[in-house]
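Have a look at the fold before reading on.

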Amino acid sequence: MNEPHTLPTRPRDRLYAAATLVLAVLLLPAALARHPGRARELACRWALRMRFPAEDLTGLSGGALAAFTAARTEALWRHGQLVGLTSGYRDPLVQQRMFDEEVRRSGSPALARMLVLPPAESSHVKGVALDVRPREGARWLEEHGARYDLYRIYDNEWWHFEHRPDSGGTPPARRPHPGVGHVIENRDQI
């Protein structure tokens with residue numbers, strides 16, 4: 001991972017991961033009874049819903065949802081790693097509000113674009129962007145996500161991944177921040 005420094009794993013994150021895995025194991029018999037062919041996925045979903053109760057997967061594209069579900073199921077069962085979602089799909093009005101707030105905070109649209117894109121350019125609005133947590137889950141996803149066409153896109157956002165099935169298993173070129181590679185209408189605003 002291209003990070004200036006790597007934060008150590010927090011003991012509580014290891015504890016949460018272990019507790020969530022134990023919970024998934026305890027839920028496995030009920031999941032087997034409900035859906036034998038997808039029991040591990042279902043038990044994982046139930047356990048992660050308890051760990052991340054505010055998480056909302058609504059609005060993700062079908063491909064992004066399937067890829068994320070498969071990736072986090074593998075992360076939990078094979079590696080004991082949690083991958084939660086802090087933000088996925090965003091309504092265009094919410095995205096615009098976030099962009100406007102960042103413009104006010106940073107002082108210009110060009111500076112705001114380093115952190116937030118307007119709705120017409122945001123992958124969150126398209127339902128293919130995933131902001132994940134904790135940091136260890138993001139590390140796992142960066143290492144294993146290509147199997148699911150999930151890629152970290154920006155250097156300045158360790159949490160931001162996108163579902164890119166058209167990449168053919170090759171990670172897209174990472175950009176320094178969201179505004180790079182997008183048209184800036186007025187360069188004098190920088």
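## Ground rules

Contact here means heavy atoms within 4.5 Å. Helices are DSSP runs (H or I, at least four residues), numbered from the N terminus. This is a predicted model, where local features need pLDDT of at least 70 and side-chain atom pairs count only at pLDDT 80 or more, while totals for chains, interfaces and linings use all residues. Residues are numbered from 1 along each chain as its sequence is written, and side-chain values use heavy atoms, leaving out hydrogens and water.

## Helix 1

Buried means under 20% relative accessible area, exposed over 50%, and partly exposed in between (1.4 Å probe, protein chains only). On that scale, the buried residues of helix 1 are Asp-13, Ala-17, Thr-20, Ala-24, Leu-27, Leu-28 and Ala-31. Their cover includes helix 2 (39–51), helix 3 (62–79) and helix 7 (135–144). As for spacing, an α-helix has 3.6 residues a turn, so residues three or four places apart point the same way.

Helix 1 also bends by about 45 degrees at Leu-28, with Pro-29 following within four residues. That bend is the angle between axes fitted to the seven residues ending there and the seven starting there.

Which helix holds Glu-102? Look in helix 4 (residues 92–106). Glu-102 counts as buried because its relative accessibility is 10%. Beyond its neighbours within four places in sequence, Glu-102 touches Gly-107, Ala-112, Leu-115 and Val-116.

Leu-111 sits in helix 5 (residues 109–112). With 35% relative accessibility, Leu-111 counts as partly exposed.

Note on methods: Helices (H or I, at least four residues) and strands (E, at least two) are DSSP runs, numbered from the N terminus.
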